[in-house]
Amino acid sequence: LDEVGPAASTCPASMASVHRVSNNSPLEGPCGVTVKDVPAGDFIVAYAAHLKRTGKVELPNWSDLVKTSKAKELAPYDPDWYYVRAAAIARRVYLRGNVGVGAMRKIYGGKQRRGTVKERFSLSGGSIPRHIFAQLEKMKILEKSDSQKGGRRITETGQRDLDSIAGQIKSADN
């Protein structure tokens with residue numbers, strides 16, 4: 001038997017043309033690199049840089065003034081925080097699916113300090129994820145879900161784009 005080199009595809013010919021739609025598809029594995037195969041921090045930084053480089057995401061004019069939650073005292077220090085948040089939201093929708101504004105408010109919420117009174121959990125603001133969802137829908141990365149619960153899900157082109165970024169990260173590590 002001939003040994004297969006690293007440049008050769010390990011994907012069977014019958015599976016190479018099949019397009020994977022579900023995140024839980026049995027076709028995952030040696031056929032390609034998905035977002036699940038790379039560290040979250042590396043992917044979010046790379047995809048945020050991609051969003052900024054393409055210029056398709058419009059920054060809202062309030063992005064330099066807004067706090068991300070009522071529990072926060074200041075706006076984010078990073079000038080590219082909006083791209084980072086958009087990349088994190090896109091990754092979260094890729095992994096979970098059917099995620100809406102309410103779920104994002106819970107995910108990005110945190111402990112609110114109330115002085116001498118005991119702290120409690122506080123939701124984040126809803127306008128940031130709502131605006132990011134609208135931007136990602138305009139780019140055809142996300143679409144509204146058809147399920148009873150609502151929310152957003154990743155499109156086929158969005159999944160392809162996110163997987164290609166993950167593949168670039170994986171190939172850079174090797």
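**Reading aromatic pairs in a predicted model**

Colleague: Phe43 and Tyr47 sit four residues apart in helix α2 (residues 40-54), so about one helical turn separates them. How should I read two such rings, and how many aromatic pairs does the count come to?

Modeller: Glad you asked! Keep in mind that this is a predicted model. The general idea is that a pair of aromatic rings is described by the distance of the centres and the angle of the planes. Ring centres within 6.5 Å make a pair, with planes under 30 degrees apart counted as stacked and over 60 as edge-to-face. By this rule there are two aromatic pairs. For Phe43 and Tyr47, the ring centres are 5.7 Å apart and the planes meet at 10°, so this pair is stacked.

Colleague: Thanks. Which aromatic pair is edge-to-face?

Modeller: That is Trp81 with Tyr82, at 5.7 Å centre to centre and 85° between the planes.

Colleague: Are Phe43 and Tyr47 buried or exposed? And what about Trp81 and Tyr82?

Modeller: The idea here is a cut-off: buried means under 20% relative accessible area. Both Phe43 and Tyr47 are buried. Trp81 has 9% relative accessibility, so it counts as buried. Tyr82, at 1%, is therefore buried too.

Colleague: Now for a charge and a ring. Which ring does Arg85 lie over?

Modeller: Look for the Arg placed over the face of a ring. In this model Arg85 lies over the face of Tyr108, 4.0 Å from the ring centre.

Colleague: Where does Ser124 lie, and what does it touch?

Modeller: Start with the place in the chain, then look at the neighbours. Ser124 is in the loop between β2 (117-122) and α5 (127-138). Leaving aside residues up to four places away in sequence, Ser124 touches Thr68, Ser69, Met104, Arg105, Tyr108 and Gly109. Tyr108 in that list is the residue whose ring face lies under Arg85. Ser124 has a relative accessible area of 3%, so it is buried.

Colleague: Let me zoom out. What pattern does the protein chain follow along the sequence, and how much of it is buried?

Modeller: Read the elements in order, then turn to the totals. The protein chain has six helices and four strands, in the order α-α-α-α-β-β-α-β-β-α. Of its 174 residues, 34% are buried. The chain exposes about 10,900 Å², with carbon and sulfur atoms supplying 51% of that area.

Colleague: And what share of the contacts joins residues at least 24 apart?

Modeller: Among contacts between residues at least 6 apart in sequence, the share is 58%.

Notes:
Residues are numbered from 1 along each chain as its sequence is written. This is a predicted model: local features need pLDDT of at least 70, side-chain atom pairs count only at pLDDT 80 or more; totals for chains, interfaces and linings use all residues. Side-chain values use heavy atoms; hydrogens and water are left out. Helices (H or I, at least four residues) and strands (E, at least two) are DSSP runs, numbered from the N terminus. Buried means under 20% relative accessible area, exposed over 50%, partly exposed in between (1.4 Å probe, protein chains only). Contact means heavy atoms within 4.5 Å. Accessible areas come from the Shrake-Rupley method with a 1.4 Å probe; for residues, only the protein chains shown count as cover. Rings of Phe, Tyr and Trp (its six-membered ring) pair if their centres lie within 6.5 Å; planes under 30 degrees apart count as stacked, over 60 as edge-to-face and the rest as tilted. A charge sits over a ring if NZ of Lys or CZ of Arg is within 6 Å of the ring centre and within 35 degrees of the ring normal.
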